[in-house]
Amino acid sequence: MTSKTKAEPKSSGVTNGGARIVVDGDDEVLSPTDLSEMLAEGTKDSHDKAENCQFVKDFLRGRIKRELFKRGTAALYFVYAAMEEEIEKNEDHPHIAPIYFPAELHRREALARDLEYFYGEDWESQISLSAGTKPYVDRIHEVGQRDPVLLVAHSYTRYMGDLSGGQILKKVAQRALKLPSTGEGLNFYQFEGIHSQKGFKQLYRSRMNELELDAETKERIVGESNRAFSFNMMVFTELEEIGKTIKEEVQDAGLGHSHSEIMEGMDGGDINKCPYYAAKMVASGNPTYACQLAMTLLRHPPCQWALAAWVALLAGFTAWYLL
C-alpha cells in the first residue's frame with residue numbers, strides 16, 4: 001500500500017472502556033483489493049435493487065402503515081437476535097474480534113424496547129418469525145456455526161446501512177406515524193454509543209481491511225453480502241404483500257407525492273425538469289443539475305419533504321460506499 005505522511009489522528013467518536021478510540025482521519029489510503037472497497041463495488045447492483053423495492057420507496061415517501069412498521073420491526077428483531085447471537089459466540093474468532101463492537105452497534109435490546117412500545121409488555125407472545133424472514137435467520141445461524149468469517153458480510157450489510165441511512169428513515173417514520181419526539185418506537189435508529197458516525201465507519205472499515213484474508217475469502221464475503229441483500233429484499237417483498245391485505249389508512253402526514261404526480265406538474269412531463277432525475281444527476285457529479293434541482297424545489301413546495309428524504313437517503317447510500 002502507498003505510504004503517506006500522517007497528520008494528527010482524529011477521534012472516531014467511540015469510547016471503549018472509558019478511553020476514546022482514535023483512528024487516522026482523511027489520511028487513509030485505500031486499495032481496490034481492500035475488503036471495504038470490494039464490498040462497496042461488489043454490492044452496488046444489489047444495493048440499487050434493494051433501494052428500488054416498492055416497500056422502500058413507499059417508506060421514503062412517508063406512506064407507512066403502522067401495522068407494517070410494527071411487523072418490519074419484528075422482522076428486524078429476529079434478524080439481529082440471530083446475528084448478534086452468532087457474533088457473540090464467535091467474539092474471539094480472529095476475523096470477528098476486530099469488528100466486535102457490541103456497545104456501539106448491537107440492536108437487539110433497542111428493538112426489544114421498540115416492540116414493547118408497539119405491542120406492550122407481552123410483545124414476545126405477539127410476534128413470530130415470518131416465512132419471509134426465516135431464510136435470513138436460518139442462513140445467519142448456518143454461517144455462524146459453519147463458516148464464521150461470513151458473519152463479516154452480514155455485519156457490514158446491516159450495521160453500515162443502519163448508520164448511513166437510518167437517521168433519515170427515523171425522521172420519516174416519526175413524522176408519518178406521529179411517534180413521540182422523545183424517540184419511543186424508534187430506538188433501533190439511535191446509536192447512543194457512537195458520537196461520530198463518520199468516524200466510526202472509518203474505524204470499522206479500517207478494522208475490516210486489516211483482517212488477514214486471502215483473495216478467495218474476500219470474494220466469498222462479497223458474495224455473502226449480496227446474499228444478505230437478497231434476504232432483505234425477501235423481507236421487503238413479504239411486507240409489501242402483507243400491506244395489500246391490511247385495511248389501514250396510510251398515515252403519510254403530507255410528506256410527499258408519488259413520482260407520477262410530480263411529473264404531472266412539470267411542463268410537458270420533461271424528465272430534465274423532474275426533481276428526482278435532477279437529484280440523481282447531482283449525485284453522479286453533474287454540476288449542470290445542481291442549480292436546477294434547487295430551483296425545482298423552490299417551485300414545488302409540497303414536494304420538499306419527499307425530495308429532502310430522497311436526497312438525504314441517496315447521500316447516505318453514497319456515504320456508505322465512500323466512507
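Of the 323 residues of the protein, 50% count as buried. The model is a predicted one. The protein has 14 helices and two strands. Among contacts between residues at least 6 apart in sequence, 76% join residues at least 24 apart.

**Helix α8**

Helix α8 covers residues 151-176 and has a kink of about 55°, centred on Gly-165. Most of α8 is covered, with 21 of its 26 residues buried.

**Packing of α4 and α8**

Two packed helices are described by the angle between their axes and by the distance between those axes. Helix α4, residues 66-89, packs with α8 at an angle of about 150°, and the two axes are 12 Å apart. Because angles over 145 degrees count as roughly antiparallel, α4 is roughly antiparallel to α8. The crossing of the two helices, α4 and α8, is left-handed.

On the α4 side, the contact is made by Phe-69, Leu-76, Val-79, Tyr-80, Met-83, Glu-84, Glu-86 and Ile-87. On the α8 side, the residues are Leu-151, His-154, Ser-155, Arg-158, Tyr-159, Asp-162 and Ala-173. Sorted by class, the contact of α4 with α8 has nine nonpolar, two polar and four charged residues.

**Lys-178, after α8**

Helix α8 is followed by Lys-178, which has a positive phi. Lys-178 lies in the loop between α8 and α9, the latter being residues 197-209. Most residues other than glycine have a negative phi. In Lys-178, a residue other than glycine, phi is positive and near 55°. Lys-178 counts as exposed because its relative accessibility is 61%, and the cut-off for exposed is over 50%.

**Thr-217 in α10**

Thr-217 is in helix α10, which spans residues 215-245. Its relative accessible area is 13%, so Thr-217 is buried, the limit being under 20%. Thr-217 and Leu-150 are 67 residues apart in sequence, while their C-alpha atoms are 8.7 Å apart in space.

**Two residues side by side**

The table sets out the accessibility of Lys-178 and Thr-217.

| Residue | Place | Relative accessibility | Class |

Methods
Residues are numbered from 1 along each chain as its sequence is written. This is a predicted model: local features need pLDDT of at least 70, side-chain atom pairs count only at pLDDT 80 or more; totals for chains, interfaces and linings use all residues. Side-chain values use heavy atoms; hydrogens and water are left out. The bend at a residue is the angle between axes fitted to the seven residues ending there and the seven starting there. Helices (H or I, at least four residues) and strands (E, at least two) are DSSP runs, numbered from the N terminus. Buried means under 20% relative accessible area, exposed over 50%, partly exposed in between (1.4 Å probe, protein chains only). Axes are lines fitted to C-alpha atoms, for helices over the stretch in contact, and angles run from 0 to 180 degrees between N-to-C directions. Angles under 35 degrees count as roughly parallel, over 145 as roughly antiparallel, 65 to 115 as roughly perpendicular and the rest as oblique. A crossing is left-handed if the near helix is turned anticlockwise from the far one by less than a right angle, and right-handed if clockwise. Contact means heavy atoms within 4.5 Å. Ala, Val, Leu, Ile, Met, Phe, Trp, Tyr, Cys and Pro count as nonpolar, Asp, Glu, Lys and Arg as charged, and the others, Gly among them, as polar.
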